[in-house]
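Please examine the structure shown below together with its sequence. The briefing that follows treats its helices, its sheet and the meeting of its chains in turn.

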Amino acid sequence: MQILRIALFTVTIAGCGGITDPSGLDKAATLDRDEPGVSLPEPTLRRLTQAQYSNSIRDLLGEGLIFPSNLEPDKSTDGLRAIGASLTTISPRGVEQFEDAAFDLVTQALDVDRDALIGCEPAEVVDDDCAREVITAFGRRAWRRPLDDDEISTLVSISATAAQTLEDFDQGLVYGLAAILQSPYFLFRVELGEQGESGVERRFTNHELASRMSFLLWDTIPDEALLAAADAGVLTTDEGLQTQIDRMMADDRFEDGVRAFFTDMWTLYELDDLTKDPTVFTHMSPEVGPSAREETLLGVVDNVVHADGDYREMFTTQRTFLNRKLASIYGVRAPEREGFGEAILEESSGRRGILGQVSFLALQSHAVNSSATLRGKFVREVLLCSYIPPPPSDVDTSIPEASATAVTLRDRVAVHLEDEYCASCHQLVDPIGLGFEQFDGLGHFRTLEQGATIDPSGDLDGASFDVAWGLTGHIAEHEDLGACLAQTLLAYGSGHSITQGEYEAVDYLTEGFQFMDYSIQFLMSDLIMSSAFRQSGEIE
Amino acid sequence: MKPLSRREILRGILGGAAVSVGLPPLEAMFNCSGTAYAAGGGLPVRFGLFFWGNGNLPERWTPTGEGTDWSLSEQLEPLGSVKDLITVVSGMNLHTDNIYPHTSGASGILTGCNLLAYEDGRQDGTFAVPSIDQTIAGQIGGDTIYRSLETGAMPGTDGNSYNGPNNRNPPELSPMAFYERIFGASFREPGEEGIVDPTLALRRSVLDAVMGDIDKLNARVGMSDRARLEQHFTGIRELELRLARLQEDPPNLEACLRPESPASEYPEVEGRHPVADIHRAMSDLLVMALACDQTRVFSHWFSDPLTNKLYPDATMGHHSLTHDEPGEQPEVNMVTRFIMGELAYMIEQLAAVDEGDETLLDHMVLLATSEHSRGQTHSFEEMPIVLAGGACGALRQGYHYRSYTGENASHVMLSLVRAMGINAPTFGVDAGEVSDGLSQIET
């Protein structure tokens, strides 16, 4: 079984055209692992994130609609909004917003392209056959499964009553379609699994798998081809599943999925709300945050989608994508007059990889100054999956103000590292963060702080470095880097924090990821093919 | 006889709701002892919460003097214009656990209960039980268009209005969006007639179908999902009731007017959000939402715990200031005073609305508090608590109560809940639980 899967996979890599080095194909075929059993927690409903809602509406109703600016906000839990989505629900205000949005968006779509939405011509104001045709097709896409007869007749009847009242077939149908978009079957991802024959683990159904993989790879609902595969029942076979993975990774929407994962994992959504004091940071303007996110995501997409590259290179690459705003912060020539262009950063710039970018350096800082603790904590927790407990509530956590003998942040935070109590946690994070001190709170390169020379040297778990350039190399080579990404992707794809019964699955995924030179495409595909993604826990 | 299903009960309610209710004479409406003006029974006493993040400086907060003979402190001095309308309660402590800086305190003060505990201890903190605004809304929020309203002033605010674990009511942060929600197309001023609109019934038929979907799905999911779907169901049912009420004639309230529309944008000024402008616009709308009896419960999240936004004239983010500003923390003091000045604005506006011989503020209580006192140490001692309004004569005004024994802040919360006419035996859970109010602030 194992060999068959790997053999299939080699075909698919060739199929999606991502790997240019033919030796990579041979490599996947020589990967020899035994997949461990998993014990999974109870499956739970996941509320669509704001992005998933918008993407799904785009797929259902077409491009060019104006979205309500106000929708139920996402909430991050344990580092991921994907996990928060499994815990939170829909508030009374959220119900109002989804109701407003449903009517508004369906009405807009009718104005933009009526025939795309309603494929039949009603014979009269009330035409149940035509309504049934539209609702059956629209409902199947929106709910990611075929509707049953009761569901269809309820929606047809709502539409008929509305058509009668409003004396307009199309306007009547608005009510049926708006009902579909307010249903928990649309707003929540209903992936609950089903019990197969005795002795076989509970697993997700064909349509549930279509939904799971579609939201993971595309951050939106399945397309017609994927639903057809689910209808045909082939997603519960290795071959059928792999075929769809390859097709989906070659599709343009794969970029959306990759962006969504990295945005969530690295909290890049917070860049919408970046606060910096413009009197301290003269480069600051409202476009800095969104620009910084785009720089990071262009690099991620380049690595994962276009090159099928090595995850470690995200930390060491000198190549990046800048617009004029970012180029001015980095002190380099803007590659393009308008928009983003590719740039190569020299070693003299001090920066490389995502940890040399404003998205990290500014976000993990305060409004007027940098923060060794926040930057170090990001590396430890988000990139290496260590747990740093919150500071105890009842201690004075202030750091001494600058003085003649302690000018730089390193001198001032020394107290964290000298006090045994503070040091137990701060020694894990501050030395890493101090390695980035040659970048101020916005990400501007500097060698002096208040006239004193900044010492950015240190060591990361025994590997010493002189400047951030060296530190980023050590992070790229850190033994926990690959396992952390595998664990985070599993949590993201499953919508829950990793539980005891999944640790071996993380090890299994990590082994493949590392063996395949940290290919994220391989990891994503490997995850979807794994039991941890296809099986489900019991409902209690 | 077979028991009625939820949907059947709901249809029954709705079937009976679309009738006008005879209005009692004006003077009887708001004297706090007559009958309420609509839907029969229950006094129109209201509850508001003003919450700000990152605490205060307790040594500059506590008023001098006690009882009715007291003077405002340095930090409370901006409340001078409303001193006779407020009660300051000082020296109260949180008796709940202080584990997660800021989050534990928000839960402690607003619920009297610890955060929800997870097995591995590394989850984000979520409240375990409803926050006080929702505890109250659950009892007195049922007769108005909105069970409760939530607003915020500082951009990015999440608020802490909890219906239950992981289940928050997100505050509206845009004054324009809030205006359109409350006073938009569906709003009717006193004297105007209820909405006659056939689409209301059609929208209700859609909501009915959605509730049917929820019921069906409920049978397939686990325990935690059932609670989540229950909340979704509640939200739909409330919307359905709201649509039904739109058909009724609006309540005949003398102070109710459609307010002016606020600005659509509030751009930053020198990297600082114009938080006072946003707050004042929201305050004006909230005051009118109460005056028009659109709701009887609101929570206004001036800023969140942990907020690190820049306040006007501050040289560091607020949270950074509380930890890193040296010495006597003059900037922290400045920010706290700024916030108290904005609290004064809200109180003034509530007191400016006449209801019969009294004012809107007389018929409500506004609780102003934060998640801890001193930010630098996240202290649970000397919690900042300011109350405004008399809750229809149930609470003292112009008063300073000082506790010298670090009494449980839950005593205050229980007094407030009871002042809403709610017969609550206790407030809080375990170490935070009390069964007595704070009699000194009650009349």
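Axes are lines fitted to C-alpha atoms, for helices over the stretch in contact, and angles run from 0 to 180 degrees between N-to-C directions. Helices (H or I, at least four residues) and strands (E, at least two) are DSSP runs, numbered from the N terminus. The model is predicted: local features need pLDDT of at least 70 and side-chain atom pairs count only at pLDDT 80 or more, while totals for chains, interfaces and linings use all residues. Residues are numbered from 1 along each chain as its sequence is written, and chains are lettered from A and ligands numbered from 1 in the order in which they are written.

**Two helices of chain A**

- Helix H11 (residues 206-218) and helix H13 (residues 238-250) of chain A have axes that come within 10 Å and cross at roughly 30 degrees.
- A:Met213, A:Leu217 and A:Trp218 of H11(A) make the contact with A:Gln244, A:Ile245, A:Met248 and A:Met249 of H13(A); two residues are in contact if their C-beta atoms, placed from the backbone, lie within 7 Å.
- The residues of this contact between H11(A) and H13(A) comprise six nonpolar, one polar and no charged. Here Ala, Val, Leu, Ile, Met, Phe, Trp, Tyr, Cys and Pro count as nonpolar, Asp, Glu, Lys and Arg as charged, and the others, Gly among them, as polar.

**The sheet of chain B**

- In chain B, seven strands form an open sheet with mixed pairing, in the order S5-S8-S1-S11-S12-S4-S13; two strands pair if DSSP finds at least two bridges between them.
- Strands S5 (149-152) and S13 (399-402) of chain B stand at the edges with a single partner strand each, so one side of each has no neighbour in the sheet.
- From one strand to the next, the twist averages 15 degrees.
- Strand S1 (residues 46-51) of chain B runs parallel to strand S8 (residues 297-301) of chain B, joined by five bridges; B:Gly48 has B:Phe298 as its bridge partner in S8(B).
- S1(B) also pairs with S11(B) in the parallel sense, over six bridges, and B:Phe50 stands opposite B:Ala368 in S11(B).
- S11(B) pairs with strand S12 (residues 385-388) of chain B in the antiparallel sense over four bridges, with B:Leu387 in S12(B) as the bridge partner of B:Leu367.
- Helix H4 (residues 132-140) of chain B lies across S1 and S8 of chain B, at about 160 degrees to S8(B).

**Burial in strand S11 of chain B**

- Six of the six residues of strand S11 (residues 364-369) of chain B are buried, so the strand is largely enclosed by the rest of the structure. A residue is buried if 20 or more other C-beta atoms lie within 10 Å of its own, exposed if 12 or fewer, and partly exposed in between; C-beta atoms are placed from the backbone.
- B:Met364, B:Leu366 and B:Ala368 point one way from S11(B), whereas B:Val365, B:Leu367 and B:Thr369 point the other way.

**Where chains A and B meet**

- In chain A, 57 residues are in contact with 56 residues of chain B.
- Helices H5 (92-112), H8 (149-166), H9 (169-182) and H10 (184-187) of chain A each supply at least two residues of the side that touches chain B.
- That side of chain A divides into 26 nonpolar, 18 polar and 13 charged residues.
- B:Asp324 is found in helix H9 (residues 318-324) of chain B. Leaving aside neighbours within four places in sequence, B:Asp324 is in contact with A:Ser398, A:Ile399 and B:Met316.
- B:Asp324 counts as partly exposed because there are 19 C-beta neighbours inside 10 Å.
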